[in-house]
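Biologist: I should like to learn how to read a protein model step by step. May we begin with the contacts along a chain?

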Amino acid sequence: MAKVTEITVWTRGVVMDKEARDVASAFAQAAKMEGKFIQAFDNYEDLPDRVLVTTRKYVRISTEEIQMKYLYVNEHPDVVVIVEPTIVKGINVLRGMPEGGLLVINTNRPIEYMLKFIPNADILGAVATVDADGISGVKTVDFSGSEGGVDASGLGAGIAAPIVGAMAKVTGMVKKENLAKVVSDVAAMERGYQQVHIQKFHRPRSVYFWGG
Amino acid sequence: METKKQKTKGKSQRKNVKTKARKQASKPAPKPRQVVMPEDIYGSISVPEDRAVPFGAITPAPVRQQELFITSNWRIVRPVIDHEKCTRCLTCYIACPDACWSFNEKEEKMEWNWKFCKGCQVCIHECPADALKAVPELDFEDGVVRLEKPF
């Protein structure tokens, strides 16, 4: 079996549930357009998800058919995406990450400040930040209870679009052109692609070269 | 005996009741069942692994803070109090759903429990003196819990 790249998206339950689902779905769909095999699914373990409780969404991308059928958690995520930056204070987001992983945070704060809250950051290969809240200008708070289930705005209408743009730039797994076909807010995706900040550490990994 | 009972079934039930009562009165009263309680009942229970209860099913009595259920990683904003504006009306103490506000009688000011505050902002909304303010949690370097699992 070929290498399966595992991506975990951390988010807040209910209020930002749809954003994280959009990140997972849009990134996986764009990878599927390039002929890769994908799995993208919601949280199964962190239930019941309540307002503001941290939950996860998962993506798996591989060049061959993915044989991981009955595993509902990415035990060893290569990429961790944090949709709401305060999560770094409450959860060990890098749990299970192999050395040289990538951390993508949606924040407008400097990278050094965010690393203060991550004491095990020495296993990271790179950290990237993108100010998705500032780019899309949308505070996505939805207390309707539908959690995006009946939402007609499509994939990536809110802060998900800049985040997937930044992920495409830093991971280099999908092309920007394919993402533009998937997300509804293409301009925000473009700005996320261009305005991502990345800091690499001296921990190269043979499989990935973060930074595009 | 059974055949006799079946025969007398059709007759009045009062008679049966009376005879039963007489029989019971003649019997000696049963001794109360004695159950020996171990001294430390909670420490003496050993459960095999396949019958272990899930997380949170058994907790210590609620006489102190439950360290198992720290919920401060739900918080995006934190209520910050201005002690000069505060009138000690204890509205925040009443309004808080998690009993995170308490009154310190020695220093005569309100105290905030960072471990269980979820950042629901009810106290900020209810404060009549506008002494409370919502500040982003990331502005502070303290208040880190870093749980291994979401809950």
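Modeller: Let us begin with chain A. Among its contacts between residues at least 6 apart in sequence, 74% join residues at least 24 apart. Two residues are in contact if their C-beta atoms, placed from the backbone, lie within 7 Å. In chain B, residues 24 or more positions apart account for 69% of the contacts with a separation of 6 or more. Please note that this is a predicted model, in which local features need pLDDT of at least 70 and side-chain atom pairs count only at pLDDT 80 or more, while totals for chains, interfaces and linings use all residues. Residues are numbered from 1 along each chain as its sequence is written, and chains are lettered from A and ligands numbered from 1 in the order in which they are written.

Biologist: How many helices and strands does chain A have, and what pattern does chain A follow along the sequence?

Modeller: Helices (H or I, at least four residues) and strands (E, at least two) are DSSP runs, numbered from the N terminus. Chain A comes to 7 helices and 7 strands, in the pattern β-α-β-β-β-α-β-α-β-α-α-α-α-β. Chain B has 5 helices and 4 strands, and its elements run α-α-α-β-α-β-β-α-β from the N terminus on.

Biologist: What share of the residues of chain A count as buried?

Modeller: A residue is buried if 20 or more other C-beta atoms lie within 10 Å of its own, exposed if 12 or fewer, and partly exposed in between; the C-beta atoms are placed from the backbone. Of the 212 residues of chain A, 50% count as buried. For chain B, with 151 residues, the figure is 15%.

Biologist: Please apply this to one residue. Is A:Trp10 buried or exposed?

Modeller: A:Trp10 has 24 C-beta neighbours inside 10 Å and therefore counts as buried. It lies in strand β1 (residues 5-12) of chain A. Leaving out residues up to four places away in sequence, A:Trp10 touches several others, including A:Thr54, A:Arg56, A:Val80 and A:Ile91.

Biologist: How does one judge the length of a helix?

Modeller: The expected span is 1.5 Å times one less than the number of residues. Helix α1 (residues 17-33) of chain A has 17 residues and should span 24 Å; its end C-alpha atoms are 25 Å apart, which agrees. This helix is mostly covered, with 14 of its 17 residues buried. After α1(A) comes A:Gly35, with a positive phi near 85 degrees.

Biologist: What is the reach of α5(A), and how many of its residues are buried?

Modeller: α5(A) has 12 residues and reaches 16 Å from its first C-alpha to its last, close to the 16 Å expected. Since 12 of the 12 residues are buried, α5(A) is largely enclosed by the rest of the structure. It is followed by A:Gly172, whose phi is positive, near 70 degrees.

Biologist: How do α5(A) and α7(A) cross?

Modeller: Axes are lines fitted to C-alpha atoms, for helices over the stretch in contact, and angles run from 0 to 180 degrees between N-to-C directions. The axes of α5 (residues 160-171) and α7 (residues 186-194) of chain A come within 7 Å and cross at roughly 40 degrees. That makes α5(A) oblique to α7(A), given that angles under 35 degrees count as roughly parallel, over 145 as roughly antiparallel, 65 to 115 as roughly perpendicular and the rest as oblique.

Biologist: Which residues of α5(A) and α7(A) meet?

Modeller: Among them are A:Ala161, A:Ile163 and A:Lys169 in α5(A), and A:Met189, A:Glu190 and A:Tyr193 in α7(A). The residues of this contact divide into 9 nonpolar, 2 polar and 3 charged. Here Ala, Val, Leu, Ile, Met, Phe, Trp, Tyr, Cys and Pro count as nonpolar, Asp, Glu, Lys and Arg as charged, and the others, Gly among them, as polar.

Biologist: How many residues does each chain give to the contact between chain A and chain B?

Modeller: The contact takes 16 residues from chain B and 16 residues from chain A. The side of chain B that touches chain A has 8 nonpolar, 3 polar and 5 charged residues.

Biologist: Where is B:Leu90, and is B:Leu90 buried or exposed?

Modeller: B:Leu90 is in the loop between β1 (77-81) and α4 of chain B. It is exposed, with 12 other C-beta atoms within 10 Å. Its phi is positive, about 65 degrees, although B:Leu90 is not a glycine.
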